[in-house]
Structures are given as C-alpha cells and as structure tokens.
Amino acid sequence: MAFLSTLTGIIGFGMGVPFGLLLGFYFFIYSKPKIVQLQEPITRRVSQLDNTALLNLLHDIPLWVKCPDYERVDWLNKIIADMWPYLNKAICASIRSMTEPMFAEYVGMFQIKTIAFENLSLGTIPPDIYGFKICETNENELVLEPAVRWAGNPNIVLVVKVLTFRITIQVVDMQILVAPRVTLKPLVPTIPCFANVSVSLLKRPEIDFGLNVLGGDLMSIPGVYHIIQRTIKMQIASLYLWPQSLEIPILDPSTVAINKPVGILHVKVVRAHKLLKMDFLGTSDPYVKLNLTGESLPAKKTSIKKRNLNPVWNEKFKLVVKDPESQVLQLEVFDWDKVGTHDRLGMQFVPLKLLTANETKEFKLDLLKHTFIADPYDKKPRGNIVIELTYAPFREESIKVDGIGDVLSRKESSLDRPSLNSSEVLSGAGLLSVTVQGAEDVEGLRHNNPYAVIRFRGDKKKTKKIKKTRHPLWNEEFQFMLEEPPLNDTIRIQVMSRRKGIGFHSKECLGKLDINLTDVVHNGRINTKYHLLNSKNGKIHVDIKWTIV
C-alpha cells in the first residue's frame, strides 16, 4: 500500500505541473486587462473635519505648530538633505570603526569565526528635523533640543560565520522618532567656541524596523517583535536617557583649560637682613612686593620700614593658587622714595611645587639683582629675606560644580565620598568668588556706558566700562579671601554709567542690588539673574561661589 500511494503521488505531481503551466499560459494570452479608472483623492479643509479625524492628525502635526517654543527649520533640513550622501558615508565609517572591536570580542566564542558588515548604508532618505528649540540657562553652555524623525531605507547586512554556516542578518525599513538634548559646553574663545558636545535623550526613543535572518522575517514571529523593541529601548535608555549622556570631546583640553582656584598660599614676610644702602644717609626705606606668576591681580605690599637695613615685618598675606605645579611666588624688595621711581634692592623666586600641602616651611633667600641667577657680573651681596610659606589646598568636597550636567557626568558618586558636616561648612577660612557675567535692559537718563561696582567688607572693585550699550557683558571674576564664612554678610553690586569730562551728571546709577550670602555658604554656589533696584527692567547675572580651605 505504501508503495502504491507513493507511486500515485509521483504520477499526480507529474501530470499536475504541466497542466497548471498550460492553464496559466492560456489565461495569460487570452485574458483581457481590466481598465482601472484612477480617482482623485478627496481633500477637505481642516475646518470641515470631525473630532475623530482631527485627533488622528495631531500625531503628524510638527512641533513648531503645537509648541511655540519650537522653531521651524526647513533651511536646516535642506542642508542635511544636500549633505546626506557624505554624512551617510561618514556615519557608516564611524559605525564600522566603533563596532569592529566589539565584534572581535565575540570571535572564537560559540564557534563564531567572523562577524562583519557585508553592506552598511543608511539609504537615500535623510532624517527630518520637525522642530528645534534653544534653551536659555545661566551656565556657560548652549542647550539645543531638536526633534528628529527618520523613516529610512537602510541597507544593513551583517554576516556571522559559525563553523561552516553563513548567517545573514538584515535590517530593513527603519523608523526612528527621537528627542535628544545637545549641550555645547563649555563655551570658550577658541574655534569652534565649545570644547565638548554632550548628547542625552529626554524620553525613550520610538524605534521600529524589520529584521530578516536567513531571508525570513524574524519580527513576524509572535512575541519576538515586542521583546526586541523592549530590549533595544532599555539598552538605549540605560546609556543615554537623561541624566545619562554621551560625551564627545571637540577641542584638546590643554588648549581650552581654564585654571580655577585650587588653594590658598599663606605668606608671612618675616624679616630681611643686610639690605643695600640706597639713600644719602647710608640707609634705605624697604618694603616687599609679592605676587604669583600667571596672575594679573595687583601685587601685595608690606609696610614701609623707614631708615632700616634689617627690617622686621612679620606681616601675613594670602594669595590664590590655580596651579601649584607651575606657579612661582615672586618676591621683590624696593627702596621707597618720596620723589621718583622706587629702587629695587633685590628679588627672589620660590616655586610652589617645593611646598607640601598644609605644612609650613621657612625659606631664607639671598636676594638677586634679576632673574638671571648665573650672571657672572652680579657678585654684589644684596642681603637676604626670610619668609614662611604654607599651601592650603581647598577641600575636594567643598568644590562645587558649575551645573547639573557636570554633576551627572561624574563617574564618582557623591555618596561614595565623605561630605562636609554643618560645623565644617559654617566655620573655617575660604575663598569667596564673585563673577559678574553681564546685565540686561540697563538704561540711563543721559548716557549708557555701564560698568559694575562690587562692595564687600570695605573693599571696592570694578569691572571694565562698556560704551553705548544697554546689555553689557563683562564676565569678570573677583575674589575675596576670608577667615570665616560670610554668614551674616551682604554684598552690594551697583551698575553705574560714566561719561568723559567733568561736569554735572557725569556719573549715573543704573541700578543696584544687595545679596545675602547665607545661601551661598550653605549651598556652595548661587548662579542666577537678579532684578536691579531703581531700574525699570534691568537685570544682572551674578555667579557667587564659596570654597572652603
């Protein structure tokens, strides 16, 4: 019976195939094509649509229509479309270079011999930016939020060779809807004017694609589509969903490095011995000037000791240190003259790298004529000077970051480090840094040449004057070294305007502000814009930091 059924099946197959081919050929030759009349699509005004149709259209309406914060950027889409053939090749080259070491890790595992792209192209359809938003912040950065969608036709074929088998995996019909946040920071005066690009996702991306394995559609298997979708979204979210981010360096850090204060140098000028006689009566009126190299701040000065070749000062000074490995303390001893220039009696240098943190070290230095130490003609003894130096670095826990992006990009969590307790925060010396960024809508009655005046504990400091503007940008920093936190202090900032010449109304106050420093001590930093008193619409942007030694 089995043989008979097999024979019958073979005979039926042999007769059915020729009969089917003849029947198909007959219908192909003698059948008449049916004429199909094309109809114009029905179009209606939006006002004529019902609620259901309108709700179905909302998803396709671009963001620049729904949200006033987003802008229409057809010009940018045109640029991307023209550059897409080149961007496609550049992006694919980057993908190849990034994935090659990842694939190499799996070669040899599970009998895998090779993993490589057979074809890699993003297709001919460029992505579309259907909304663009620029966010304003008080930080030194530029925040961009584009809304991107891409319905592409990529040609991506990955070949995996396992033993003698060749497995092809093809990605087709990819659709992506993503809302990234692109942060350019920090802004620097070097082309392209930002040092890093930080990219993060504001929400989970919408990704849809087809996946063919060995020619079959893997996504058509029940349950596989949702598993792959969920896995991809979770992996992308764990890497780039805000607050996580992708950091892309643009400029070499050494070219844009901005030295920030890292400690305070305590200098005690003790005494000098056997100084040169510069006056007619065989004496001198010495004083000492001291400063750190690489600083534009005015030098510190001791008091003048009249008619004394062996003066004793015992005076203390504090200098802000930004780079203890390269900065040098420069000491100059002068003879004070009532008329004319002051004669220099001698000078000396002390590299800060010779100091140990939080340890006081005494130096007895022979004074030199100039910086050329090996000068054979400089044999004249000029006396010596005795100083005591102590380098006190800032506590790492007290150094506050410049923004939320920096906090979240740190690899080391703040929970893993010992934090300062309240008693340490509310006591001890520190550095108060006041940065006056700029002002807005400051207007005088007679002239607009604004500059800012900062008054704190009797000290008065000024920014540069900017002529003929209502929106000045100063970006100047002023530092005050204090023995205790300024808990009960206020700092006054005035925006003034001054014109040349002497006469009435040569100076004019454009607005003022008093800032209580209690919150600065507790929080470590305040960076905000304040409304100016006695000004109609004026604002001033101030960044204040308190760093504990």
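Two strands count as paired if DSSP finds at least two bridges between them, strands (E, at least two residues) and helices (H or I, at least four residues) being DSSP runs numbered from the N terminus. The model on screen is predicted, so that local features need pLDDT of at least 70 and side-chain atom pairs count only at pLDDT 80 or more, while totals for chains, interfaces and linings use all residues. Residues are numbered from 1 along each chain as its sequence is written, and side-chain values use heavy atoms, with hydrogens and water left out.

Select residues 286-292 to begin: this is strand β12, which pairs with β13 in the antiparallel sense over 2 bridges, and here Lys289 stands opposite Lys301 of β13. Widening the selection brings up an open sheet of 4 strands, ordered β13-β12-β15-β16 with antiparallel pairing. Because β13 (300-301) and β16 (343-351) each have a single partner strand, they stand at the edges, and one side of each is left without a neighbour in the sheet.

Next, select strand β4, residues 155-162, where 6 of the 8 residues are buried (under 20% relative accessible area, with a 1.4 Å probe and protein chains only). Strand β1 (residues 112-121) runs antiparallel to β4 and is joined to it by 8 bridges, Thr114 having Lys161 as its bridge partner. Strand β5 (residues 165-178) also pairs with β4 in the antiparallel sense, over 7 bridges, and the two form a hairpin with 2 residues between them, where Leu163 in the turn has a positive phi of about 55°.

Finally, go to Val520 in helix α9, residues 518-523; Val520 is buried, with a relative accessible area of 1%, and its C-alpha atom is separated by 8.5 Å from that of Leu487, 33 residues apart along the chain.

Note on methods. Buried means under 20% relative accessible area, exposed over 50%, partly exposed in between (1.4 Å probe, protein chains only).
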